[in-house]
Each structure stands twice: as structure tokens, then as C-alpha cells.
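Subject: Structure for your review

Dear colleague,

Please find below the structure that I am handing over to you, followed by an account of what was found in it.

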Amino acid sequence: MSVRVLPDFLVNQIAAGEVVENPASVVKELVENALDAGADQIVIDIVDGGRTSISVIDNGRGMNREDLAKSILRHATSKLPDDDLTNITYMGFRGEALPSIASVSDMTIDTYCAGEPNGWQLNAGTGEIKPCNWDSGTRIKVENLFARTPARLKFLRGDRAETMSVLEVVKRLAMARQDVGFVLNNKWFFPKGQSLLERMTSVMGDDIVGRMLEVNSNSESSELSLTGFVSEPTLRRASSVDQFLFVNGRPVKDKVVVGALRAAYMDVMHAREFPLCALFLRLNPRNVDVNVSPAKTEVHFLEPSHVRAFIIKNLRERLAETMNDSVQNKSENINTPNQMNLSTSDNFIKHATSGGYGLYVNAPQRNDKSFFANRGYSDFTVNKVKTGEIAPNTVDNVFDDMPLGRAIGQIGDKYILATNQDNLIIIDQHAAHERITYERVRTHSIKVQPLLTPIVVNMRAEDVVAVMTVADELKASGLVIDSFGDDAIAIFEKPADWDLNWAELLHSIADEVRENGHSVQLNEKLHLKLANWACHHSVRAGQKLDMNQMNALLRDIENTTRGGQCNHGRPVYKIIPISDLDIIFERS
Ligand code: ADP
Ligand code: MG
């Protein structure tokens, strides 16, 4: 075997493997080029999800004949005039996109540049350039993508899914540049000159109105700045689809920034929920390396921990400003005769549950008869008291015989403390409620009920497209839907007896599908989706409960199959026998 230098067309096809993954990545490269050319109007049209044709038209400065000829050469770029890779101010700089795209498609460029006698058209396949009547800006047309590389073609998803990915790319760039107008397929419009908030509303949906918090922070040395908007904690999505992050104007999905955002919301949002944001981080270009991945969504910060701390601190401060009300409410505690001295018990619990003592037993399963028999509960269901029938004054002793006993208070707005004759019981209120909601939904999912009048859920066009890509899986789970015009979904059949907020469920499915591009998540069965759904609709950690609510929750969990574990496998409650307390206090 002798060593040979690969011919250009092969080199380009190999590079295309990195840069050109799907129609969305083609659109990204072409739109970035249009932005780099100073365009403020960009019109994108794709046919068959982009596989038949992609066209990007801009009103930028165009190319003269000489530049046009060079533009499709490998590593030909106008954007690194001074050979300085540490000072990248354009979106592009590798000079790879056009030759790569040309190697896996039929590409033509029409362009006009001031000073030229006429426009020029380049056929990238033959390299031929001829005069044309194009008279402003540039149009790049990419046809038959991957037709010559069938292996790549096979990996393209359905037209709908590819269209969605293209839309996500356009949205990301549209969020980066409100000063530029974007149109996709004459259907999605992001008009030029919107304010950031207006652009966010076009991109994320009307539900954000009045619920975004403005961020505007500078580091002391002014080396770093963070501007934009983040959502109030009550506004959240089921995926990160509406998180728009920019480093020096470049859209990124960088883990330092994403991690900092998550950390900032840690106390106010569940880990499976995602705040919305449009955040622009700016720093000296010399302190960040954007030349990391060809798709350029990851960056390297010179001082990642510094950046992270800066973002967390400023977002937390901003969120804290809005939380003052609820913090004040926290100090008024529920006061009942049953309440024990929480400050002492709080300390105690920390010790008892810190893990070192091995004192508490695992939560018993409801059907673990021997557990209850040993403790003198021959048939605890006899004493069952129905939710909602608890009169405040009778709470005291009625529940003392129940497996989870009677509530005596709440600690950290997170755990319920309860006691029965033999035990101290600690219940994770969120996990408990999640379990109950999930079981309720799950055990009712068998019968399908056709609806006389379909339920119509209005959604953004892209959400409709997203949900429709998983219509078959939903059908398998008893939910029969179809698109209803461009921006609504109609539900024709649903699992009988289910009383869900369908609009909300469909929206969160849309979020997830759009994030994952396809149905990975949903392949894990609607049940998993339901588990998450149940979780989102459960009593949260951080929610104050009164005695009745606490006791009702205890009774519900006793009556739930596998009530001892939440849907994600965490324990719902721990039972600490009083005999173990005796050991702690050296009474035995
Ligand atoms: P890069 O963007 O990294 O420079 P590309 O292969 O994407 O590399 O583009 C090569 C060159 O072609 C660019 O540097 C630019 O000079 C020119 N070019 C590409 N698209 C356009 C456009 N829409 N308008 C004007 N010039 C363009
Ligand atoms: Mg480029």
C-alpha cells in the first residue's frame, strides 16, 4: 500500500461528513454566510425537508467574479484577513462550508456585487461561471442533497422532522440577530427590527408575554457581560428547546453556559424542567476559543469557572428579586397543636437520616402483610378515611393506627413528618404525590374512548409538525390525533376516564420531540412521558401544605400500589421505628 494524497472531491466529501449532517446544517452554514455578508433580509425555502432543494437568498454585499470562483475552493475564506485565529469576529472562518456542501449536492450560486457589470452564476459541479441577471445580494441553491452519497441519504429523517430541524436553526439565528429579517418557506416570519422581546415572542410563543425577567449585568472589570431575558420560575418547558444562548453573538449549546443556567435555577425548578431564556454572554474574543467543533456550538473558555460563577451569581440575584414575596410568606408557619418544635426535630432528622446510623428500615410495600402484622396492624384498610372527609379537629388520633400515621408537620417545605404508635415517618411530599398521580393515570389507560366532538388544541405550526411525527406512538397508547389545519391538533380518541390537560401534554410532547429531533423519548413509551407529566403536576418540594393536605397525601400513598417508590425509583418515605430512636437516645 502506498501513501497517496487524496483528491479534492474526496477530501471535501470527508469534510462534509463533519459540517454537513442534514438540511439544517446546510441552512445554518448558508444563513451564517449571508449574515457575514452583511445581509439584513434572508429568505429561506426548502422543499421536501430540504432533500430536494434548499435556497437561501440574501441582500448582502455579494461576490465579484473572482471571489465567486474562489468561494468553493477548500479553505478559501474572506473572513480571516490577518491570519489571527484568536480574533474571530465572523460566524464563518474555516472556508469549508461551500466546498463541503458542493461535494454532496448540486449547488449553484447567483450573486451580484456592486462595481460588477452584471451578476454572475456559478455552477459548482462544473466550476463554470457565466453572467446572469441577478442584481442584488446572493442566492445559493442546493439541490439533491446527498444524492451522490446514498449512505448519508439513508440517515435523513422524514420531511417533517427535517423541516423542524431547519426551523430550529433559523430560530437560533433569528434570536441572535433581531436586526435581520428571516422568512422560512413563506410560513415562519421573523421580521426585521423587532425588539428582543418581540423576537422572543415570535420564536417562543405568546405564553412568555409578561413573564420574562430582563438581565443586564457586567462583571466588575467589565470583562464579562450578560444581557437578555430569563423566564420567571413559573414559566418553564419540558425540554431545553426554548433556551437560546449566545457567546459573543454566536449561538452555542455550550456545557459551561447550560450548566450555569441550570445551577442558577436549581432551587426554584425541578431538574427535569427547563427555564426559557435568550442570554447573550460577551467577553473579550481572546478569552474564548470558538474554533472547537466544526458546527461551532461548543466553545472553550479560558476561565470556565469564572464564567460559570459570573452567570450563576447574576441570574440568582435576578431571580431572588422576584422571589421576595414568597420568601416573606415562608416565615408564617402553619401552627397547630400537633406541630412539634420543628427546629429541634429538623436537626435531629438531619442526623438520623445522614446515613451513618443504619437505623431506619426501608419503606414497607403495601402488601407486605407481615410488616404490618408484626406491628399489630392486622388489617389497616379498615380504618381508611376518605380524602376530603377529614375535619380539622378530628385529625389527632384517627390516623394513629394507619401505616403512615398522622402528619405532625412539614419541614423545609419539602418533607412531611408523621407518626403512628410505633414509628416516626418522613415522607418526601413531591415523590409521594408524583407516585400517586402516576398510578392514577397509568391504571386508567386501557380503554379507548372515541370523542363525539374532537378536542382541538391550538399550537404553533412547528409544534403541530413535531407532535405529528409521533402520532403513531400516541395512537398505540390510546391517543388518536391528527393535524387540524396548520396550527392545531385534533384529538379524536383518548384513553377513557383520563382527565388530563391535553393541551399541556401535547405541548410538552412537542417540546421534547423538537429537542430530540425525533421520537427517541417517546419510544420509551407514553408511560414514561406520563411519569414525567405526573411529576410536573405533583405537589412540589417547596410547596407549603396544611395538615389536611398532608394527611390526605399520606392516605393516598397508602392506597397506591408500589407507593414506597416514586416513578424514578427514589424512596417516597422512610419509617424510623421508635425503638431505633430509643437506641439513639440510649434508652434501650
Ligand atoms: P467561510 O464562511 O468559513 O469563510 P464558506 O465556505 O462558508 O467559508 O464561504 C467561503 C467564502 O464565500 C466566504 O468567506 C465569503 O467570502 C463567500 N461567501 C459565501 N457565501 C456568501 C454570501 N451569501 N454572500 C457573500 N459572500 C459569500
Ligand atoms: Mg461560511
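A residue is called buried here when its relative accessible area is under 20%. The model is a predicted one, and the values that follow are computed from it.

Helix α14

By that cut-off, the buried residues of α14 are Ala461, Glu462, Asp463, Val464, Val465, Ala466, Val467 and Met468. Because 8 of the 8 residues of this helix (residues 461–468) are buried, α14 is largely enclosed by the rest of the structure.

Packing of α2 and α6

Helix α2 spans residues 23–36 and helix α6 spans residues 159–176; their axes lie 8 Å apart and the two pack at an angle of about 25°. Since angles under 35 degrees count as roughly parallel, α2 is roughly parallel to α6. The crossing in which α2 passes α6 is right-handed. On the α2 side, the contact is made by Pro23, Ala24, Val27, Lys28, Val31, Glu32 and Leu35. These meet Glu162, Ser165, Val166, Val169, Val170 and Leu173 of α6. Sorted by class, the residues in this contact are 9 nonpolar, 1 polar and 3 charged.

Lysine 130

Strand β5 (residues 128–132) contains lysine 130. With a relative accessibility of 42%, lysine 130 counts as partly exposed. Which residues does lysine 130 contact, leaving aside its neighbours within four places in sequence? They are Gly119, Trp120 and Gln121. Aspartate 110 is 20 residues away from lysine 130 along the chain, and the C-alpha atoms of the two are separated by 9.6 Å.

Serine 240

Serine 240 is placed in the loop that runs between β11 (236–237) and β12 (243–247). Is serine 240 buried or exposed? Its relative accessibility is 18%, so serine 240 counts as buried. When residues up to four places away in sequence are not counted, serine 240 touches Arg172, Phe274 and Glu515.

Cysteines

How many disulfides does the structure hold? The number is 0.

Yours sincerely

Notes: Residues numbered from 1 in each chain as written. Chains lettered and ligands numbered in written order. Predicted model: local features only at pLDDT ≥ 70, side-chain atom pairs only at ≥ 80, totals over all residues. Heavy atoms only, no water. Axes fitted to C-alpha atoms, helices over the stretch in contact; angles between N-to-C directions. Helix = DSSP H or I, 4+ residues; strand = E, 2+ residues; numbered from the N terminus. Parallel < 35°, antiparallel > 145°, perpendicular 65-115°, else oblique. Left-handed = near helix turned anticlockwise from the far one by under 90°. Contact = heavy atoms within 4.5 Å. Nonpolar A, V, L, I, M, F, W, Y, C, P; charged D, E, K, R; others polar. Buried < 20%, exposed > 50% of the residue type's maximum accessible area, 1.4 Å probe, protein only. Disulfide = S-S within 2.5 Å.
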